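Please consider the structure shown below.

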Amino acid sequence: MSATTTPSVPTPTAPGSLPLIGHAHRLARDPLPFITSLRRHGSVVRIRIGPSPAYVVTDPALTRRVLVTDAAHFVKGGRIIDALRVFFGDGLATVADGDAHLRNRRLMQPMFNTSHIADRGHAMIGQVRTLVEAWPEDVPRDVCADMNRTALAAFLVALFGTDLPGHLENEFTALMPEIMKGTIRQTLLPAWITGLPLPANRTHAARAARLRTLIDQAVDHRSDRGRPSTADGTGEPSAECPRAAARREEGTERAGLFAALLTAEPPFTRQQLQDEVITLLTGAIETTGTTLAWALYEISRNPAIERLLRDELTTVCGDRPLRHEDLDRLVHVRRVLQEAIRKYGPAWMVTRTATRDVELGGHLVPEGADVVWSPYLHQHDPRVFPEPGVFDPDRWAPGRTPAAARGSFLAFGDGRRKCIGENFAWTELQIVLATVVRTWPRFTVTSPAPSARAVVTVKPDRLTMTFASVMSG
């Protein structure tokens, strides 16, 4: 039985709790060392965030119960999810478990099948190459900002198609980084502060409202593109109009993944479309951009890994541009990215809410309690990943990866709430990393060695690099 009120093992409480604030000072000051330290206290460890207890699961087998086996007893919720829901609305990442989630996931699934993603590959590669080739040489650049901007541009062309008006694309690109900063702030501050009419809160609310307006304009543009064109202006399709047919064919080719949402049955409401686009855009920027920034940093400090990547790209692509069909052959690119995801998260703390009193590993988790699981913690378990602090892409080579790694590599989650865009994320990550490495024969870190900073994702606190078209020395 999963539910019980008679646990056999007392649940240990992490040391260092302070009156009123609990372990909040540790989560704010040194969150990553703190979360990984909990493993030595037991498989389920109680912490306090302010006056409220939360139960951190440190055993990947028990995390699988939370996410898969007993998922009905652990629903999407908790402090982080509740804070994100204010901005995301009821997008797929934050909508409560139940019929709405199942319906939306079913309707959105076609957007992320392999054929839809492949159809967008050429446009994404072209967009990324245009941006990366425009970087000036030997000028220090904020790598996180660049990777976020590049990931967003690639995702916009994949989502809305190649004909998104330039002013909308530019405003999305300018607005999203500021909105992400505000959203992160909202998740870290107490709810009573984020609800006050403070300037920062009003600015964030105004930006969020503007984002929804931009999404409406993109939806209207996409809808207009999908309407039949005619020669006589009546709005009725004309069989005698070959140019109209050609434009319809062109519109189909240039349409993005979002077209699948507009044709879903039953249809999404305008509010639901906004919520889902916000969720998709946020996932495309924060997690993808952070992973790419860390990957470039690790490549820059590992010459052997860099040579291996360049040799692979030369073998696969030769002198021609990258193609979507090349991605399956870029095994070393994929391993570098997977190791970057393992070492740096990107998510470090995720919450669920217990729907009833639940026995978990012999411990009682009471109804309504926050249950915390951490991809970062599991992916730094030395029993599964020896020397977890070492960046080693070869740990993902055939024969090197232990069977336990599958259950401990949880960057995309697991079970019915597993990230729906995982396949798309791998495609986007490979396109961007391969394009940067092919475009720039040399890139050099110009800032002090970055430290990992845990907010919503695990970001470098600072990271600037220069890019050059010739190798050094």
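The paragraphs below treat the strands, the nonpolar cores and the cysteines in turn.

This is a predicted model, in which local features need pLDDT of at least 70 and side-chain atom pairs count only at pLDDT 80 or more, while totals for chains, interfaces and linings use all residues. Residues are numbered from 1 along each chain as its sequence is written, and side-chain values use heavy atoms, with hydrogens and water left out.

Strands here are DSSP runs of E with at least two residues, and helices are runs of H or I with at least four, both numbered from the N terminus. Strand 12 spans residues 464–468, and four of its five residues are buried, that is, under 20% relative accessible area with a 1.4 Å probe, protein chains only. Two strands pair if DSSP finds at least two bridges between them. Strand 12 runs antiparallel to strand 9 (residues 442–445), joined by four bridges; Arg-442 has Ala-468 as its bridge partner.

A nonpolar core is a set of buried Ala, Val, Leu, Ile, Met, Phe, Trp, Tyr and Cys residues joined through side-chain atoms within 4.5 Å. The largest has 96 residues, and Phe-172, Leu-211, Leu-281 and Leu-433 have the most contacts inside it. Helix 13 (residues 270–300) supplies the largest share of this core, 14 residues.

A disulfide is a pair of cysteine sulfur atoms within 2.5 Å, and the count by this rule is zero.

Methods:
Buried means under 20% relative accessible area, exposed over 50%, partly exposed in between (1.4 Å probe, protein chains only).
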